[in-house]
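Dear colleague,

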Amino acid sequence: MPRSRSMIGLSSNRISPRHTSPSPPPPPPIFANQLNRIVFQLRKNFSAARSKLDLCNFMADSGSRDSVLSRTESVENGGPVAGVGANYAEIIVIRHGETEWNADGRIQGHLDVDLNHAGRQQAIVVAERLSREPKISAVYSSDLKRAFDTAEIIAQRCGVLEVTKDPNLRERHLGDLQGVIYSEIAKAHPEAHKVFVSNRKDQEIPGGGESLNQLYARCTSALQKIAQKHQGERVVVVSHGGTIRALYRRASPHGRSVGRVMNTSLNVFHISAEDEWSIKSWGDVSHLNQTGFLKSGFGGDRHSG
């Protein structure tokens, strides 16, 4: 499946001597071990410094430096977030980074799949972006690894000590369809496929799967609880394509179709203490200019999973 992402590697410079000099005599045996230890430490320090420099150069070219909401106010430790009203929480909901199952078109659901290399790069650049914006007070995540690992990268870069896991932020449970290539589900599990593509929201997928209404109830309740706890603050929540589409439906029940939710896209909600929801920014992937993203948006489209 084609991807739109840049190949990123580290270059090395090789310097050829202009003339040949005789090799210096070996050090006396009494100093050999000590000299070896010094050389080893110097090489180690140089390698670490080079890695940091390469990472900084990579970050400098990785997407937009603009804020999600174009705010640049500084924030005092422990105080309210500048630009966020005291009567609502600003919640940045992010889809996890890419997995090999996303790239292969395989349905994940509640199965625990790791990020692939591209997914980790996406997590790094979104974390770097958020670190340059107003203070993040807390980071929450689905307890599935692809979301939690993305959230941990964000938390470390933004100075948040711990990621709070919440199973209610998980992807929809897709029953018999989990682990199956999407193009094969109609033949492999016709009854489950029929429910999956149905427009009815009250039907559960055979094999222990959830209905769309069940997904909607658990994830909107989870986000509202987070909002109640963080009024006047800016919070990150890392979740999944189907879950984020359900949250969009809660905030914009009469709006246009949500479209695809790309890996590590930024989607900004404002939620008041009175449970009033609004969307301030949607589908922002400008930080992925260099790392790229899966064009199909598999797992974040109408057939999320």
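Let me begin with a single residue of this predicted model: aspartate 275 is partly exposed, because its relative accessible area is 31%, a value that falls between the 20% limit for buried and the 50% limit for exposed. Aspartate 275 sits in the loop that links β5 to β6 (277-284), and its phi is near 65°, which is positive even though the residue is not a glycine.

Threonine 264 belongs to the loop between α8 and β5, and here the relative accessible area is 0%, so the residue counts as buried.

On the question of its partners, β4 runs parallel to β1, to which it is joined by six bridges, and valine 235 of β4 is the bridge partner of isoleucine 91. Strand β2 also runs parallel to β4, with four bridges between them, and in this pairing serine 141 stands opposite valine 238.

Which residues have the most contacts inside the largest nonpolar core? They are Ile91, Val93, Leu223, Ile226 and Val237, in a core of 22 residues. The elements that each supply at least two residues of this core are β1 (88-95), β2 (138-141), α7 (212-229), β4 (234-239), α8 (241-251) and β5 (266-272), and α7 gives the most, with six residues. If you select valine 237 and leave aside residues up to four places away in sequence, you will find that it touches Ile91, Ile92, Val93, Ile94, Tyr140, Leu169, Leu223 and Ile226. Apart from this core lies another, of 21 residues, including Ala123, Ala147, Ala151 and Cys158.

Finally, there is a pair of helices to look at: α3 (residues 117-131) and α4 (residues 145-158) pack at an angle of about 35°, with their axes 8 Å apart, and α3 passes α4 in a right-handed crossing. The residues of their contact comprise eight nonpolar, two polar and four charged ones. Among those that meet are Ala123, Ile124 and Ala127 from α3, and Ile153, Ile154 and Cys158 from α4.

With best wishes

Methods. Residues numbered from 1 in each chain as written. Predicted model: local features only at pLDDT ≥ 70, side-chain atom pairs only at ≥ 80, totals over all residues. Heavy atoms only, no water. Axes fitted to C-alpha atoms, helices over the stretch in contact; angles between N-to-C directions. Left-handed = near helix turned anticlockwise from the far one by under 90°. Contact = heavy atoms within 4.5 Å. Nonpolar A, V, L, I, M, F, W, Y, C, P; charged D, E, K, R; others polar. Core = buried A, V, L, I, M, F, W, Y, C linked by side-chain atoms within 4.5 Å. Buried < 20%, exposed > 50% of the residue type's maximum accessible area, 1.4 Å probe, protein only. Pairing = 2+ DSSP bridges.
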